[in-house]
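Reader: I would like to learn how to read a sheet and its surroundings in a model. Please take me through one case.

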Amino acid sequence: MTYSVFTDKGNRNVNEDSVGAFVKDDAGCFILCDGLGGHGMGDAASSLVVDVFKNRFNDVGAKSGFIGETFGIAQDMLLMEQKRIGAEKKMKTTGVSVVTDGKNVYVGHIGDSRAYIFSKNKVKCRTLDHSIPQMLVLSGEIKESEIRNHPDRSALLRVIGVEWDEPMYEIMRPVSKRKCQAMLLCSDGFWELIDEEKMCELLRRSENVDEWLKMMVDIVKENGIGRDMDNYSAIAVWMQ
């Protein structure tokens with residue numbers, strides 16, 4: 001298992017994305033968060049969640065149920081921090097995590113930061129955004145390709161850092177590690193500027209995970225010229 005990490009503030013004053021990649025033995029924990037709130041609140045929220053994943057992975061390691069349990073702990077800690085500093089509803093973040101115990105790959109997310117799993121140089125599956133455009137796709141009102149330029153693409157339906165009546169994160173069915181060629185975690189500032197076809201093309205052409213991520217970053221930068229680029233971040237993982 002090899003991995004590569006990238007994050008950049010784009011054209012914004014502050015980078016509210018936070019990324020974490022933690023590996024021990026044949027287990028790994030990868031977490032990417034896109035903070036919301038501005039004025040120092042979004043970056044604090046995303047950083048807190050990444051730290052929770054790091055500390056818990058170091059304490060208990062990878063296992064089934066890890067992602068959901070850790071999202072729940074991060075949610076509680078973020079709400080407590082908001083109350084402590086008087087910033088209720090101002091510290092929010094998306095979150096996407098991929099965890100492997102050496103046998104299976106577990107994926108969980110909340111918000112519109114994505115995880116892709118690739119097999120045989122094709123997208124095997126991806127998380128579905130908790131956003132208005134994704135909801136419109138699921139209801140058949142717009143096409144999948146229209147998400148990237150939809151005027152409501154930043155309107156999120158679920159995040160960490162607001163009160164939940166029930167858990168808002170979503171956990172995918174585990175995937176055998178043997179069926180995972182590569183994985184990509186990325187914030188919306190990244191995936192909005194590169195489509196899945198290009199991701200797969202570059203995966204076929206790459207000799208290692210660093211090269212794959214670098215080529216994708218180059219495409220994102222090129223497609224972002226002349227635009228007010230958001231923070232953009234990604235974690236690329238090769239399993240084979």
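Reader: What is the order of the five strands in the open sheet?

Author: Strands of a sheet pair through backbone hydrogen bonds, in a parallel or an antiparallel way. This is a predicted model. Its open sheet has the order β1-β12-β11-β7-β8, and the pairing is antiparallel. β1 (2–8) and β8 are the edge strands; each has a single partner strand, so one side of each lacks a neighbour in the sheet. From one strand to the next, the twist averages 20°.

Reader: How many bridges join β7 to β11?

Author: Five bridges link β7, residues 114–119, with β11, residues 182–186, and the two strands run antiparallel. Within β11, Leu184 is the residue opposite Tyr116.

Reader: Which strands does helix α5 touch?

Author: Helix α5, residues 196–205, packs on the sheet and touches β7, β8, β11 and β12 (232–238). Its direction makes about 45° with that of β7. Helix α6, residues 209–223, lies across β1, β7, β11 and β12, and runs at about 155° to β12.

Reader: Where does Ser131 lie, and is Ser131 buried or exposed?

Author: Ser131 is in the loop between β8 (122–126) and α3 (132–138). The cut-off for buried is under 20% relative accessible area. Ser131 has 3%, so Ser131 counts as buried. Its side chain reaches the backbone nitrogen of Gln134 at 3.3 Å.

Reader: Which residues is Ser131 in contact with, leaving aside neighbours within four places in sequence?

Author: With those neighbours left aside, Ser131 is in contact with Arg153, Ala155, Leu156 and Leu157.

Conventions. Residues numbered from 1 in each chain as written. Predicted model: local features only at pLDDT ≥ 70, side-chain atom pairs only at ≥ 80, totals over all residues. Heavy atoms only, no water. Helix = DSSP H or I, 4+ residues; strand = E, 2+ residues; numbered from the N terminus. Buried < 20%, exposed > 50% of the residue type's maximum accessible area, 1.4 Å probe, protein only. Polar contact = N/O pair within 3.5 Å; in protein donor to acceptor, adjacent residues only side chain to side chain. Contact = heavy atoms within 4.5 Å. Pairing = 2+ DSSP bridges. Axes fitted to C-alpha atoms, helices over the stretch in contact; angles between N-to-C directions.
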